[in-house]
Amino acid sequence: MKNLRFILVGFICFFLFSCVSTITGEKEVILQNLSAEYFNIAENYLSQKNYSKAIEHYKLSLRSAKDENLNQIKYQLARSYAMNQNYSEAEDIFFELYEQEQSNIILAQSLAYCYMKNGKPEESIAIYEKLYKENPYQENIANNYFLLLLESKKVEEAKSVLETFKIDFPESTKISVLEENLKKATEVLEKTENKDIEQTEN
């Protein structure tokens, strides 16, 4: 009789544990499916350039996302913030992702872009300087680094980058445009310096 009770108790415990495991598993599947549905809705809104709605649904997708999907959703959320001109929120997310994967060129460029938009040119230049050194033969990176230096009035540094650019990419159609940009930036800088001298003398 005792053996029978022991067997019954064991069976009941096993049955209850199996039920709980099944319910837990089913709940996880439901949550994952819900996350995927919200993500697909957000992607649709993003393609329609309805960034506020895309942001809303990416955030909903994050709530029940699997760990392996988190970064993908966060990246799309950051993109949506940036496209919606909310560069502060975008910067925070891109920074988090960049800290996890600093070799990722897209994340680095995205963070640098947000830094520039948020009035942090030195941080933006620091990222591009690193990218430029690590990827010397990527024309797009060299081009963006040059323009960033010019925008920050670092004309001499930009001039050096352009000289290297012409050696590394002699057939590039961008050379004439970059030279024109450098010429204009140099003229503006000279006018500013002359004006400062005149004010000092007076």
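This is a predicted model: local features need pLDDT of at least 70, side-chain atom pairs count only at pLDDT 80 or more; totals for chains, interfaces and linings use all residues.

Let us begin with helix 6, which runs over residues 121–134. Its 14 residues reach 20 Å from the first C-alpha to the last, close to the 20 Å expected at 1.5 Å a residue. Which residues of helix 6 are buried? They are Ser 124, Ile 125, Ile 127, Tyr 128, Leu 131 and Tyr 132. These residues cover an arc of only 160° around the axis, so they lie on the same side of helix 6. The general principle is that an α-helix has 3.6 residues a turn, so residues three or four places apart point the same way.

Consider now Tyr 132, a member of helix 6. Is Tyr 132 buried or exposed? Its relative accessible area is 16%, and because buried means under 20%, Tyr 132 counts as buried. Beyond its neighbours within four places in sequence, Tyr 132 is in contact with Ile 141, Ala 142, Tyr 145, Val 161 and Thr 164. Tyr 132 and Tyr 145 stand 13 residues apart in sequence, with 7.3 Å between their C-alpha atoms.

Finally, I turn to the largest nonpolar core, which has 47 residues. Within this core, Tyr 58 and Phe 146 touch the most other members. Helix 7 gives the most to the core, with seven residues. Setting aside neighbours within four places in sequence, the contacts of Tyr 58 include Phe 39, Leu 46, Ile 73 and Leu 77.

How values were computed
Residues are numbered from 1 along each chain as its sequence is written. Side-chain values use heavy atoms; hydrogens and water are left out. Helices (H or I, at least four residues) and strands (E, at least two) are DSSP runs, numbered from the N terminus. The expected span of a helix is 1.5 Å times one less than its number of residues. Buried means under 20% relative accessible area, exposed over 50%, partly exposed in between (1.4 Å probe, protein chains only). The arc is that of the directions from the helix axis to the C-beta atoms. A nonpolar core is a set of buried Ala, Val, Leu, Ile, Met, Phe, Trp, Tyr and Cys residues joined through side-chain atoms within 4.5 Å. Contact means heavy atoms within 4.5 Å.
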